[in-house]
Amino acid sequence: MSQWGDQLAMAEVTLAAANVRIAWHDKAANLRRFLDLVDEAGAAGAGLLVLPEMGLQGYADFAFGIGDSGVAEQKQYYFREAEPIPGPATSVIAERAARYGMTVQLGLAESALDGNLIFNSTALISPDGAVGVYRKVHNQAESLFFGAGEQTPVFDTPVGRVASLICYDLAFPELMRVFALRGATVALMSTAWPMKGKDPDSDYYGASMDLCCRAAAFFNRMWLVAANHCEDGAYSAGLSYWGHSQIVDPHGTVVAAAAQEEGLVLHTADLAAEVLRARTESFFGVNLLADRRPQHYRPVADRVPYVREE
């Protein structure tokens, strides 16, 4: 139970996810846009806003192949423009969020170890400043640019106990289950989820994100708030991003979603009440967390195939 547990009982909260066209490698422009979105979400009464993955600096451009000089150029960009947490951007957003009593999740390139290591991170920002950091755990495709996160924290906030995840993390159900077992009832996903092609009506990559969002919320009886890029071929790689920022309830139902247009996705609900109903009533009256049989799942955590013996 979070320290705000008493006031969460029967309290409605407005959740917001931002569908944003991120300006590639233009930190100042992205920060200005995010401040506008905080104002927009605040005017709508949002208590929590999720922004996309690497939204502050812009996501890495995978048009550059291994050995291409562009890899070094991008690394240099991130080393120049990455920020610590807390840092300048989190302070500016905290100041704006304080006007509305809002919690904001920001995706950014984080500078750590005195600037010697860069992470693909999210900062959880309250009106009092940065209160939590999550570093992307499943980042194998980004290892040219970013270090891998090794922690799976949860955070107590005024909207409940929340967990952060980033993009590819969604494809690993074990991670969301860990968050659920640590008491999180709301998952916040910042992503830069691309399309496979250019047709949203038949895009496999995009449909995969939607499927994973619903399944993750359903199996863990948690809320999931997902914020994505919605650029159309904006980077030199020519990728179009899926957009479709969405809010999924603990029953696995998408209760609010965008398409590829820019803007906010909003949903108001009694978050705790819906989690309780999902875990006691909606799916045959069973509780999927209580009915686990972990003694049979040992191979899930078997590290032998992944760790080199000394």
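These legends walk through several close-up views of the structure above. The model is predicted, so local features are described only at pLDDT of at least 70 and side-chain atom pairs only at pLDDT 80 or more, while totals for chains, interfaces and linings use all residues. Residues are numbered from 1 along each chain as its sequence is written, and side-chain values use heavy atoms, leaving out hydrogens and water.

**View 1. Helix 6 has a buried side and an exposed face.** Helices (H or I, at least four residues) and strands (E, at least two) are DSSP runs, numbered from the N terminus. Which residues of helix 6 are buried (under 20% relative accessible area, with exposed meaning over 50% and partly exposed in between, for a 1.4 Å probe and protein chains only)? They are Gly206, Ser208, Met209, Cys213, Ala216, Ala217 and Asn220. These residues cover an arc of only 155 degrees around the axis, which puts them on the same side of helix 6; the arc is that of the directions from the helix axis to the C-beta atoms. An α-helix has 3.6 residues a turn, so residues three or four places apart point the same way. Turned away from the buried side is a face with the exposed residues Tyr204 and Leu211. The buried residues pack against several elements, among them helix 5 (173-181) and helix 7 (271-282), where contact means heavy atoms within 4.5 Å.

**View 2. Here are the length and the two ends of helix 6.** The expected span of a helix is 1.5 Å times one less than its number of residues. For the 17 residues of helix 6 (residues 204-220) that gives 24 Å, and the end C-alpha atoms are 24 Å apart, which agrees. After helix 6 comes Arg221, whose phi is positive, near 50 degrees.

View 3. Strand 1 (residues 12-19) and strand 12 are antiparallel and share eight bridges; here Ala17 has Val265 as its bridge partner.

**View 4. Strand 3 pairs with strand 2 and with strand 4.** How many residues of strand 3 (residues 103-112) are buried? Ten of its ten residues are. Strand 2 (residues 48-50) runs parallel to strand 3, joined by three bridges, and Leu48 stands opposite Thr103. With strand 4 (residues 117-126) the pairing is antiparallel, over nine bridges, and Gly107 stands opposite Thr122. Strand 3 and strand 4 form a hairpin with four residues between them, and Leu113 in the turn has a positive phi of about 50 degrees.

**View 5. Ser245 sits in the loop between strand 9 and strand 10.** Ser245 counts as buried because its relative accessibility is 0%. Its side chain reaches the backbone nitrogen of Asn228 at 2.8 Å. Not counting residues up to four places away in sequence, Ser245 touches residues including Ala17, Ala226 and Val265.

Definitions and conventions. A polar contact is a pair of N or O atoms within 3.5 Å; within protein, one must be able to donate a hydrogen and the other to accept it, and residues adjacent in sequence count only if both atoms are side-chain atoms. Two strands pair if DSSP finds at least two bridges between them.
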